[in-house]
Amino acid sequence: MSTQKITDATFEQEVLKSAEPVVVDFWAEWCGPCRMIAPALEEIAAEMKGKIKVVKLNIDENPAVASKLGIRSIPTLIIFKDGKAAAQKVGAAPKGELSRWISAAV
């Protein structure tokens with residue numbers, strides 16, 4: 001698996017203190033669009049390994065970070081660079097669009 005699961009407890013270490021840009025996928029089990037983009041994110045994570053890290057945060061199990069960041073709808077993807085949010089995208093999109101968005105932001 002190319003994407004990594006994170007929690008409220010590991011968010012700071014895995015995302016904010018990461019040396020490479022991190023794409024955080026805020027999702028939940030019951031979210032159809034979240035499940036729809038999961039395979040594309042897996043492929044992007046594998047293709048861009050070494051350039052970016054892709055992590056998934058289940059908002060039902062870990063509500064603190066999502067609440068702090070004001071996540072209101074899912075899927076929400078946020079790219080963090082140097083510990084700060086650099087870009088945000090809400091909703092599902094095809095793999096090509098996700099790749100272009102990530103590449104443009106990093």
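Which residues are linked with Lys95 in a network of salt bridges? Glu43 and Glu47 are linked with Lys95 in that network. The model is predicted: local features need pLDDT of at least 70, side-chain atom pairs count only at pLDDT 80 or more, and totals for chains, interfaces and linings use all residues. Residues are numbered from 1 along each chain as its sequence is written, and side-chain values use heavy atoms, with hydrogens and water left out. The structure holds 6 salt bridges, a salt bridge being a side-chain nitrogen of Lys or Arg within 4 Å of a carboxyl oxygen of Asp or Glu.

**The network**

- Lys95 and Glu43 form a salt bridge through their side chains, at 2.9 Å from N to O.
- Lys95 lies in helix H4 (residues 95–105) and Glu43 in helix H2 (residues 32–47), so this pair ties together parts 52 residues apart in sequence.
- Helices (H or I, at least four residues) and strands (E, at least two) are DSSP runs, numbered from the N terminus.
- The side chains of Glu47 and Lys95 also meet in a salt bridge, at 2.6 Å from N to O.
- Glu47 lies in helix H2 and Lys95 in helix H4, so the parts tied together are 48 residues apart in sequence.

**The Glu14–Lys53 pair**

- Glu14 and Lys53 meet in a side-chain salt bridge of 3.1 Å, N to O.
- Glu14 belongs to helix H1 (residues 11–16) and Lys53 to strand E3 (residues 53–58), so the pair ties together parts 39 residues apart in sequence.

**Accessibility**

- Buried means under 20% relative accessible area, exposed over 50%, and partly exposed in between (1.4 Å probe, protein chains only).
- Lys53 is buried at 15%, whereas Glu14 is partly exposed at 23%.
- Lys95 is partly exposed at 26%, and Glu43 is partly exposed at 39%.
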